[in-house]
Amino acid sequence: MLRFVWTWSPSSTRRFNPFRLLSFLRRDRSHNATLTSSRGSGPTSTHDSDSYPSLLNCRSSLGNFRSAAACLGMATGSLHPPKRSKRLSKERSPYLLQHALNPVDWFPWGQEAFDKAKSEDKPIFLSVGYSTCHWCHVMEKQSFEDEEIGRILSDNFVCIKVDREERPDVDRVYMTFVQATSGGGGWPLSVWLTPDLRPFLGGTYFPPGDYGRRPGFKTVLLRIIEQWQTNREALRLSGERVMDTLRKCTSISAHPGEAPPPAPDVAKRCLQQLAQSYEEEYGGFRAAPKFPTPVNLVFLMSFWAVNCAASEGAEALHMALHTLRKMALGGIHDHVAQGFHRYSTDSSWHVPHFEKMLYDQAQLAVAYITAYQVSRECLFAHVAQDVLQYVSRDLSHESGGFYGAEDADSLPTAESMEKREGAFCVWTASEIRELLSCVVEGATSGVTQADIFMHHYGVRDQGNVEPEQDPHGELQGQNVLIVRYSPELTAARFGLSVDRVAEVLASARARLAEVRRVRPRPHLDTKMLASWNGLMLSGLARVGAVLGEGALLQRAEQTARFLHEHLWDGQRQQMLHSCYRGDNMEVAQTASPIPGFLDDYAYVVCGLLDLFEATQNAHWLQWAEELQLRQDQLFWDAQGSGYFYSDPSDPMLLLSLKQDQDGAEPSANSVSAMNLLRLSHLMGQWDWLERSRRLLAAFSDRLVNMPIALPDMVRGLMAHHCTFKQVIICGQRDAEDTASLIACVNSLFLPYKVLILADGNTEGFLYQKLPILSSLVQQNGKATAYICQDFTCALPVTCPQELKRLLLE
């Protein structure tokens, strides 16, 4: 059964409480009556975080304020047919196109909608979601496709539909309001605004009709209409007060001369906070639902690299590797078609929310290849390759770019009328027996492929999904594949060698993959974002460098060329946020392209730096420098330090925010702290080193009090404390001895180093930036490695084993 969840505000202060809660809501709870279940992209979850840490003080300041719309009354809708907007059909966003035929007069975010709201003096209803969001689909079907609700919305509000992945700046502002006033948030996001864009009421998913004392969407709309007619000035005033409070309590800045906090103390506290939420049996953090959280895992491995001789370092490494192993074996990992689903609804990583996001794949590829560098366990390398195989096959555009996501829902069969979550991925026992009916030679008498496969992957005749993980009954009798036994135990069970079992299982997976390819596919969000492609660039470059796979590095360079060709406006010297797959598979753009946000720059710079170190093609370093300079011009806060997420001069955005949480994606400020440090050591520009320090100082309060919210930034802080190494290889670019030294460096997890090839091209970009390279020479005609700190170098070495020893000291 679905259950209503009422989000409790942690504050007890009543300092700022100009109005009481909505009369139709319980007085001790938030206005946000949201439906959640154990599966689906839950509307009360901002991906994998409950709230932004910076909002804790906001909720305290706002006290029990929830809305100015106290004692809302009833109103009636008109009887004429609902208006159907044609505006969204002209958009490129897959999410907006999904809503183009709703009986709602939708507008995209823009001046036309704002002008209409002002001229007609109507409140704005802002609905934010994304195309692969399960609960966004639910609310559309229940409410936005309802003729009566569509009529009420169109007649009484200016309705704006926003794709949060296309306009994350808009989403962040109004999500901040909802989280601060309710203590929770998620998608679909539903916010009501005055014509000057000030929010006065917000929530997430609303069911269409009332449920006991809990109001449905129609009731909320009708009562807001009456309140707008009778209490409009109070709504305006409350909106202004809320935003004034949010501006103060979301401010992040450094005092003049302030230094970053001590790195060892912050890092240890971050480890302690992660350890407190760590689940020992299956790994991961916090109770179900469990998210992959690559930022946590990479931090833990970085902590180990600095503290490998200490018990705390061993604890950190255990948490990371155990979690990665359990995830790889779990149902969150797609054992048939590769890649990872969004999150697990249970503690054992078994039953996932089946959505697949590009940013997860990119970060998990990096996490798994890092685990391979640390442990040399082949499992981790195989999983990293597995992730990239999925992305290259199913999320790849021929131009070199990558699509955003695959939906969780799909039609069970071509004849079906209703989509089900997970239908594309799950199996009945009878299906598997039919598909894998061949007898396995050498096994115990009469054993088939199906017998071995079903044993190894936990397939049951009645299905292996527990009822509490299937509130909608969509998975009855179905199986989510999860590795239940090691290859050794499965081999012993059927009297086979481990190698033979591996062959049988690989053959079986290939057969199931063939069958899945002819099933109705989930919706594919073909939007291509600069930021997520930047993350993917890092994944390809890092895995390709560690494994020495030239094909992956070629694919990485293709992605970089895609970014430069389609998402870099050379005339205006700016990144663009998004582009789209056109009707004829071409790369398409909107009439007014969306300028890039901070993460578009930061993630692409990071990807280019990873690509430079993997290929030693200075062109990519040169572009990274260019992008960093432009990022500094557009987003740097000269007064308080740190980067704003979007253009602070945009008059349509009521808050200038600095992202202060590493969640499903790392904060662009966290990524920038490390980018600046790497660039300073790659190019000898120490002003970037100082800028990185100032950025970290601006986030001192967060780092000291709640470092678990910023594990990726803690890594950047640790980099300033540790000895940052410049590893310079002098040698011919294509020579075998040069490749051996580079392969030695890439085989190791060295979180605080940069790698530079000095190939003797004194006219090239690197030699122009780093004159010291001209003074470093090969020893006895052999490729030679120099380990330097601030370009002060130790004695050269030519032997890979000796280089490895020095790097690990």
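How far apart are the sulfur atoms of Cys-788 and Cys-793? Select the pair: their sulfur atoms lie 2.0 Å apart, and the two residues form a disulfide (a pair of cysteine sulfur atoms within 2.5 Å). Before going on, note that this is a predicted model, where local features need pLDDT of at least 70, side-chain atom pairs count only at pLDDT 80 or more, and totals for chains, interfaces and linings use all residues. Residues are numbered from 1 along each chain as its sequence is written, and side-chain values use heavy atoms, leaving out hydrogens and water.

Now turn the view around the S-S bond: at 95°, the link of Cys-788 and Cys-793 is right-handed. Cys-788 is buried, at 2% relative accessible area, while Cys-793 is partly exposed, at 28%. Here buried means under 20% relative accessible area, exposed over 50%, and partly exposed in between, with a 1.4 Å probe and protein chains only.

Next, select Cys-133 and Cys-136. They form a disulfide with sulfur atoms 2.4 Å apart, and both residues are buried. The torsion about their S-S bond is about 80°, so this disulfide is right-handed.

For the last stop, select Val-366, Arg-542, Asp-610, Arg-678 and Arg-715. Of the 34 residues lining the largest cavity, these lie nearest its centre. A cavity is a set of points on a 1 Å grid over the protein atoms alone where a 1.4 Å probe fits but cannot get out, and lining residues have an atom within 4 Å of a point.

How values were computed:
1 Å grid on protein atoms, 1.4 Å probe; cavity = no way out; pocket = protein on both sides within 12 Å on 5 of 7 lines; lining within 4 Å.
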